[in-house]
Amino acid sequence: MKDFCDLADFSTEDVQRLLVQAKQLEKQQSTVALQGKVLALLFLNPSLRTLTSLQATMTRLGGGTFVISPEMSIHGLETRSGIVMDGTAAEHIKEAVPVIASYADAIGIRTIAPRDKLEDDLEDVYFQQLRSLCDIPVVNLESSIRHPCQSLADWKTLDDLAVPENGGRLVFSWVYHPEALPLAIPGDTIHMAASRGMDVTVLCPEGFNLPPALLNRAQLAGAISGGSVKETSNRNEALDGAHVLYAGSWSSTRFYGDHVNDQKLRNEHADWCVDDSWFENLAADPSYFMHALPVRRGVEVEDHTLDSPRSVVVRQAQNRMSEVRPSVRLPRCHPRYRPRVPKRRVDSGFPSTNRRVFPVDR
Ligand code: CP
């Protein structure tokens, strides 16, 4: 029995074993590996790939899923602590999560960042609070700061494309997006690539620099695997000699939680939209373009880049299917109907802000 909440909980060798296991499961096409097992899926934010890859995987392995999200006809969910529930929300997440968990053998949870306080999101406080309400294995389907299922699939994609491990160069570039997005994908991708032994460059405008905690974490992983991590705002310097350009967007870290100033600053960089000119100085031919999806065409990336052979964004999404197999098999031994006493109850407090967790779309 094991949670799958953070790729950093696994050594590079563990990850490589998971990748081998994924290949074996793909070949075996077993339809009984998870027979009779139920995976609960709690989506507090929208999803296409994560939701459907898990549902398809569980079906193919003989198990089943049920999905709970605020858009369904469930009672309005309250997430704040110490609140008098005299508004529209009739159910508190503190009861809802353990009830949902009691119907399943494992639970996958997506709740992306509240984006009020950077330090809380860096500690993944909200996800850890939800996790503490479950006494069954938990799969992180994207939290404030982690997206391990995406990272595992991206690792496989880089392997499939024979992008070098040591000596391979990946640039993770900020691109314009009208919304302030979470730090999970940039933070976890640079950690994944550094763990794979690659030299990673974060490319972003001033004011969007990744927090030192995320850079340090990736640098430490790189130090073990022979990789490295640096940050720059100079596009030519970053892209010169790179094998992979991975694009994504995230909140301004200078104005984290400050919607007005974040918006003002990001609007100054609306020209950060990837097009073919970004690839002029990349090292390898072919060099690759990656993005976790969903992507806003003509805003984050131009059509001709997404439609070119160098774009592997669909392949990344397809690998979500094979890479999710070992992650849902990790918790497969869970004995059902254990006493309902949460073992990891670390904190009774939920975000005490005036915000509930409403769906945030990318
Ligand atoms: N990349 C990713 O997690 O996609 P979804 O939001 O569609 O699940």
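User: Which residue in β10 stands opposite Val171?

Analyst: This is a predicted model, in which local features need pLDDT of at least 70, side-chain atom pairs count only at pLDDT 80 or more, and totals for chains, interfaces and linings use all residues. Residues are numbered from 1 along each chain as its sequence is written, and side-chain values use heavy atoms, with hydrogens and water left out. Strand β10 covers residues 244-248 and pairs with β7 in the parallel sense over five bridges; strands (E, at least two residues) and helices (H or I, at least four) are DSSP runs numbered from the N terminus, and two strands pair if DSSP finds at least two bridges between them. The residue of β10 opposite Val171 is Leu245.

User: What is the handedness of the β-α-β unit made by β7, helix α7 and β8?

Analyst: A crossover is right-handed if, with the strands pointing away from the viewer, the path from the first strand over the helix to the second runs clockwise. Here the helix is α7, residues 184-195, and the unit is right-handed.

User: How many of the six residues of strand β7 are buried?

Analyst: Buried means under 20% relative accessible area, exposed over 50%, and partly exposed in between, with a 1.4 Å probe and protein chains only. Strand β7 runs over residues 169-174 and is mostly covered, the number of buried residues being five.

User: With which side chain does the side chain of Asn140 make a polar contact?

Analyst: Asn140 belongs to strand β6, residues 138-140, and is buried with a relative accessible area of 0%. A polar contact is a pair of N or O atoms within 3.5 Å; within protein, one must be able to donate a hydrogen and the other to accept it, and residues adjacent in sequence count only if both atoms are side-chain atoms. At 3.0 Å, the partner side chain is that of Ser143.

User: What is the phi of Glu142?

Analyst: Glu142 sits in the loop between β6 and α6 (148-160). Glu142 is buried, at a relative accessible area of 1%. Although Glu142 is not a glycine, its phi is positive, about 125°.

User: Which residue is joined to Pro294 by a cis peptide bond?

Analyst: Pro294 lies in the loop between β11 (288-290) and α11 (303-306). Omega of the cis bond is about 0°, and the residue joined to Pro294 is Leu293.
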